[in-house]
Amino acid sequence: MKIMLSAGEASGDLHGESLARAMQKLQPGVELVGFGGPKMAGAGVRLCADMREYSIMGVWEVIKNLRRIFGLLEKLQEFMAEEKPDLLVLIDYPDFNWRLAAKAKAMGIPVFSYIPPSAWAWRKGRAKKCAALADELAAIFPFELPVYQAAGANISFQGNPLLDTVKSSMSTGEARNYFQVSQKGEPVLLLPGSRKQEIEMLFPVMLEAAALLQAERHSLEFFVPIAAGIDQYMLEKMAAGRGVNLCFTHDRTYDLMNICSFAIATSGTVVLEAAIMGLPCVSLYRMAPLNYAIGRLLVKIDYFTLPNILAGRSVQPELLQDQVTAQGVFQAARRFYREPGYREQVVSGLQEAVDRLGEPGAAERVAGRILAAAKEYGRTGDA
């Protein structure tokens, strides 16, 4: 059996690694090929192309590199023709991967989609196109199913892979010692994001709010984990002269989450990771006014942070666009230490949201579905 995987981003490379190891465990001898990065290669996937050579962000950068992108598409199409895989597995990376899916379908190669496009939030018409191209889809959130099912897709929810990776490795005492938290210190996380643009828009507001919080509660100690690819000097320069007790960190973020009182975070996956660790957040989201105006027309959702979407109600504060001010963040965050029982109430709501992510072992279950799909739809099933 030969299975081809395609992942074009670092997160997809991690998912691809987990799937590869799980498939090899379930079916020793399975041949894995495709497009990905060092994690997938280390897990035994024979790469036709390395995603690091095609890492492109931003609209203008994509336009400038269109020839290379289409060249990669052609290269992978030729690779599929030579290798004749039993199944193509798409791992997220929708704009590129679904073009590749169309090529595979035209060649008679079945398609499996892991982490399909977010049609539940916007561009719902994509669900019908995906349903026509993919023989099977596996979602990582339960709320993704209805729009795809309505479009006729063969889709299932197999759990969320974060449940297997988001966990602490230290006791609280060990973590406090490791991060040098003072005896009576109350650590707080600032999570400004992993993209330069969102950091520039949100980190200054976080710092202003942190100064207000620290002036009111002197025991607060602020920690800032630095995302891969982000320059620490840029963050230090932004924080200079703010009068905030800051510590920049590079590792053991889940252990840090485990000892923090609360976090102020840019909306994204990190907010869900915090929820799994039982860490309440004030979540922030802001974009350029024109992009926001367009987004309001396209995106129809009640909440924008994953814990609130999962729970179907507001279990923790989220501030959007003009609500993102230092005073607004300060007022939302101070409730965690000023209002008796408030933090416990939020943590309980976060657990309710996390409970809807299913059970651990998502990668193994998805790997099993992939192997079954290769047998059912691929050349192996015809043998």
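I started at helix α16 (residues 326–338), which lies across β9, β11 (263–266), β12 and β13. Helix α16 runs at about 165° to β12. For the record, helices (H or I, at least four residues) and strands (E, at least two) are DSSP runs, numbered from the N terminus. Angles run from 0 to 180 degrees between N-to-C directions, with axes as lines fitted to C-alpha atoms, for helices over the stretch in contact.

I noted the source next: this is a predicted model, where local features need pLDDT of at least 70, side-chain atom pairs count only at pLDDT 80 or more, and totals for chains, interfaces and linings use all residues. Residues are numbered from 1 along each chain as its sequence is written, and side-chain values use heavy atoms, with hydrogens and water left out.

**The open sheet**

I traced 6 strands in an open sheet, in the order β10-β9-β8-β11-β12-β13, with parallel pairing. Its edge strands are β10 (246–249) and β13 (318–320), each pairing on one side only. Neighbouring strands here are turned by 20° against each other on average, direction ignored. Two strands count as paired if DSSP finds at least two bridges between them. I found 3 bridges joining strand β12 (residues 281–285) to β13, and these run parallel. Tyr-285 has Leu-320 of β13 as its bridge partner.

I then checked helix α11 (residues 232–239). Helix α11 lies across β9 (220–225) and β10, at about 170° to β10. Its axis and that of helix α10 (residues 196–216) come within 10 Å and cross at roughly 35°. The α10/α11 crossing is right-handed; the term means that the near helix is turned clockwise from the far one by less than a right angle, and left-handed means anticlockwise. On the α10 side the contact residues include Phe-203, Pro-204 and Leu-207, and on the α11 side they include Met-234 and Leu-235. Contact means heavy atoms within 4.5 Å.

Which strands does β2 pair with? Strand β1 (residues 2–6) pairs with β2 in the parallel sense over 5 bridges. Strand β3 (residues 46–50) also pairs with β2 in the parallel sense, over 4 bridges. Leu-5 is bridged to Gly-34 of β2, and Val-33 to Arg-46 of β3.

I asked why β2 (residues 31–36) is largely enclosed by the rest of the structure. It is because 5 of its 6 residues are buried. Buried means under 20% relative accessible area, exposed over 50%, and partly exposed in between (1.4 Å probe, protein chains only).

**Helix α1**

β1, helix α1 (residues 10–26) and β2 make a right-handed β-α-β unit. I looked up Glu-17, which is found in α1. Glu-17 is buried, with a relative accessible area of 17%. Leaving aside neighbours within four places in sequence, Glu-17 is in contact with Lys-39, Met-40 and Ala-43.

The axes of α1 and helix α18 (residues 362–377) come within 8 Å and cross at roughly 65°. Among the contact residues are Leu-19 and Met-23 of α1, and Val-366 and Ile-370 of α18.

**Totals**

Buried residues make up 51% of its 383 residues. Among contacts between residues at least 6 apart in sequence, 66% join residues at least 24 apart.

Definitions and conventions: A crossover is right-handed if, with the strands pointing away from the viewer, the path from the first strand over the helix to the second runs clockwise.
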